[in-house]
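Today I am opening my notebook on charged side-chain pairs. Here is the structure I looked through.

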Amino acid sequence: MKTRQDLNKIREENLKQIKLLDDTKYRVVVGMASCGLAANADLTYDAIEKEIKERNLQNITLTSVGCIGECALEPIVEVYDKDNNRYTYCSVNERKAKEIVNKHLEQGEIIYRYLIDNYKLLIDEDGNKYEAPKYQYRIALKNCGIINPTKIDQYIGLDGYKALEKVLFEMTPEEVIDVVTKSGLRGRGGGGFPTGLKWKFTAANKGGQSFVICNADEGDPGAFMDRAVLEGDPHAVIEAMIICGYAISASQGYVYIRAEYPLAVERLQHAIKNAYEYGFLGENILGSNFNFDLEIRLGAGAFVCGEETALIASIEGERGMPRNKPPYPASSGLWGRPTVINNVETFANVAQIILKGADWFKSIGTEKAAGTKVFALGGKIKNTGLLEVPMGTTLREVIYDIGGGLPNNKRFKAVQTGGPSGGILTEAELDTPIDYDNLIAKGSMMGSGGMIVMDEDNCMVDIAKFYLEFTVEESCGKCTPCRDGNLRMLEILNKITAGKGTMQDLEDLRELALMIKDTSLCALGQSAPNPVLSTLDKFYDEYLEHVVNKRCPAGVCRDIAKLVITDHCIGCGKCLRNCPVNAISGHVKQRHIIDLNICVACGTCKPACPVNAIISV
Amino acid sequence: MGKIVITKEKELLLRKKIREHKQKSGPLMPSLHDAQEIFGCIPLEVQKIISEELKISVSKINGVVTFYSRFSLEPKGKHVIGVCLGTACYVKGSQAVLDEICNTLQIKVGETTKDELFSVEATRCVGACGLAPVFTIDGKVYGHATVQSAAKELRRIIDWETGTHEN
Ligand SMILES: Cc1cc2nc3c(=O)[nH]c(=O)nc-3n(C[C@H](O)[C@H](O)[C@H](O)COP(=O)(O)O)c2cc1C
Ligand code: FES
């Protein structure tokens with residue numbers, strides 16, 4: 001248990017270390033969240049550690065940190081120096097790691113060719129240059145990639161648990177709710193409900209036990225924002241949950257997290273243990289008379305459990321099925337008690353709002369959507385990764401200025417937001433400023449932050465089918481429109497992609513979609529038709545090609561796709577080497593040919609071709 | 001299908017864990033997670049143990065077990081191969097990788113080979129979108145996957161396994 005004096009001391013010492021105000025010469029950090037580790041960042045870390053030791057270098061701190069955000073260029077090593085410069089080295093293997101220690105840390109010589117300098121120009125290993133991500137603004141990810149997530153002292157060093165102190169000793173619960181309300185913070189889990197209002201409604205029902213739940217189920221199948229926060233800065237979430245507990249008079253919190261996130265679970269467990277040791281959790285927190293306990297509950301692989309009433313059922317030990325609302329969790333949640341349930345990223349904003357005030361937060365973003373949003377940018381994009389931008393940033397800025405555009409000179413086709421509940425946005429819609437209402441008006445939604453870019457090689461009918469397969473698998477089966485309706489839609493899509501669709505099918509598809517939207521019990525079913533509807537609206541031509549001409553223009557739908565090599569072929573042989581069924585023949589420097597009798601239209605050859613000579617007819 | 005052995009030791013461990021969970025509200029889910037971890041699956045015999053400890057009917061427990069995809073009634077193969085069908089991987093062609101692996105092993109997604117060596121799963125985003133498309137073998141992530149690279153890794157394990165069998 002630490003006293004407030006202890007905390008001030010820890011804060012001062014760690015701030016000095018992190019900002020290199022002591023005798024530290026360089027601070028070296030290695031990104032070791034899931035993405036870094038998948039790219040063998042642990043080997044890079046070991047190599048740096050060993051080399052520093054062998055060269056007997058002094059006054060260098062080496063720290064493992066969470067996601068730095070440039071996932072496509074992992075492993076990433078950053079060197080901070082005394083003058084506050086930050087050098088970001090990318091794709092650092094063991095050999096490069098040794099060289100960085102030798103040249104940069106020992107001789108002070110910066111190795112420019114390994115660098116992506118976040119504030120000037122991004123250069124990757126092949127010399128490709130990208131524009132700088134000048135639009136980023138980090139609140140929720142403020143500490144990600146900077147502090148070691150397993151060291152509570154480093155979190156404290158960057159103003160950690162200061163908001164909690166402020167709340168416990170200087171503010172009433174009503175004042176806390178007031179600040180959060182005035183800040184304009186809205187839920188980052190998808191719905192965008194005003195967070196302060198949610199807290200207020202729940203607080204109105206106090207007296208007896210209330211609960212705080214953090215929704216870390218992160219169901220969107222292609223996104224990882226919440227994991228990055230939990231892996232990179234778990235205390236930010238813990239601190240906010242305690243603050244929420246104080247505001248609504250709850251003494252028990254739960255983090256419901258996917259079991260598929262082992263590293264995030266481990267780091268969170270560790271952080272909770274530390275928070276208890278320091279007296280941020282438990283009884284009489286920091287000597288106040290407020291008590292709060294926090295536990296982890298693991299999800300078990302059901303997307304629908306991200307829906308709040310299903311999540312509550314799951315914690316209670318039931319099948320995770322949603323129920324009708326009202327009553328809302330604010331009046332009848334976990335075990336029938338008043339409950340606040342917020343998303344990880346929502347919580348990650350709270351401490352900053354308390355410290356810097358509602359006006360500061362409101363000054364960022366747009367009028368109706370204050371603050372920032374974290375996105376996991378993926379798919380056909382150069383700089384795959386995690387980014388945080390002020391609300392109101394346009395899709396074009398995110399995709400081209402931060403994401404670096406599409407690789408291999410391919411044409412942009414669409415960007416998908418909102419995961420299986422969202423929709424597709426086209427080239428014409430790229431200048432839309434991102435916020436909750438704008439995206440809904442364009443037939444998609446903000447969702448939790450997955451953003452997938454697609455190029456000319458992606459078939460929109462196939463993408464609609466992909467999302468629908470997901471929903472069909474994840475439907476809990478409680479209500480008929482969702483359970484059976486979505487399956488019928490999937491059957492129609494299967495028919496269309498097999499080249500057996502009719503015009504009637506297209507009409508049926510739309511009618512079914514609208515019916516399911518109107519009549520499903522929970523938001524899973526109500527939003528499941530969105531990917532189908534938005535592709536129908538915006539890429540009707542592509543559906544027609546499949547139905548009328550039995551043709552898949554992108555060459556994806558295997559039953560009808562025909563791939564050919566045009567005379568742009570330079571005869572490099574890359575397609576031939578990549579073909580898994582040996583359907584391609586040809587001599588070096590001569591045009592190659594695909595044998596359509598053997599070809600299975602898997603599409604492996606397409607991205608392999610350096611001159612885009614393989615097309616679908 | 002493979003049978004699982006419920007040793008006295010494992011059973012006691014599970015019972016001990018369940019009694020810990022019983023101290024808190026909502027003990028069923030944590031108990032099931034432990035059971036899955038200890039036995040690798042939660043067949044009826046194991047459900048009965050949980051039922052005894054928690055005084056919850058087996059029918060209810062079975063209902064919960066079968067609802068969640070992480071809990072299984074049957075054991076998985078020695079090596080679990082997962083191909084990411086998260087959106088970022090899918091748009092970069094992970095379906096072809098999955099098809100190749102299923103073809104080689106002659107099983108469907110979610111099945112286990114007859115010799116109980118391999119199970120194949122379609123996973124969701126594993127957080128390595130930067131390396132998409134990815135597949136995992138026994139938890140290790142392989143990035144920038146192609147049909148060839150997946151086939152090669154698979155071959156390596158098959159060779160290794162058949163090698164050890166001959167010895
Ligand atoms: C099918 C479905 C899945 C959901 N999945 C998630 C999820 O993974 N994470 C999340 O935070 N919210 C998810 N939600 C939204 C939650 O129900 C709830 O609105 C949210 O956790 C509230 O937190 P917020 O106000 O901070 O966004 C989902 C909703 C539905 C209908
Ligand atoms: S979608 Fe495959 S790792 Fe993220």
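I started with A:Lys495 and A:Asp505, whose side chains meet in a salt bridge at 3.0 Å, N to O. I use that term for a side-chain nitrogen of Lys or Arg within 4 Å of a carboxyl oxygen of Asp or Glu. The pair links distant parts of the chain, 10 residues apart: A:Lys495 is in helix α18 (residues 480-497) of chain A, and A:Asp505 is in helix α19 (residues 503-519) of chain A. Helices here are DSSP runs of H or I with at least four residues, strands are runs of E with at least two, and both are numbered from the N terminus.

A note on my source: this is a predicted model, where local features need pLDDT of at least 70 and side-chain atom pairs count only at pLDDT 80 or more, while totals for chains, interfaces and linings use all residues. Residues are numbered from 1 along each chain as its sequence is written, chains are lettered from A and ligands numbered from 1 in the order written, and side-chain values use heavy atoms, without hydrogens and water.

Buried means under 20% relative accessible area, exposed over 50%, and partly exposed in between (1.4 Å probe, protein chains only).

I then looked up A:Arg55, which forms a salt bridge with A:Glu51 at 2.8 Å, N to O. A:Glu51 is buried at 7%.

Last, I turned to chain B, where a network of salt bridges links B:Glu11, B:Arg15, B:Arg19, B:Lys22, B:Glu52 and B:Glu53.
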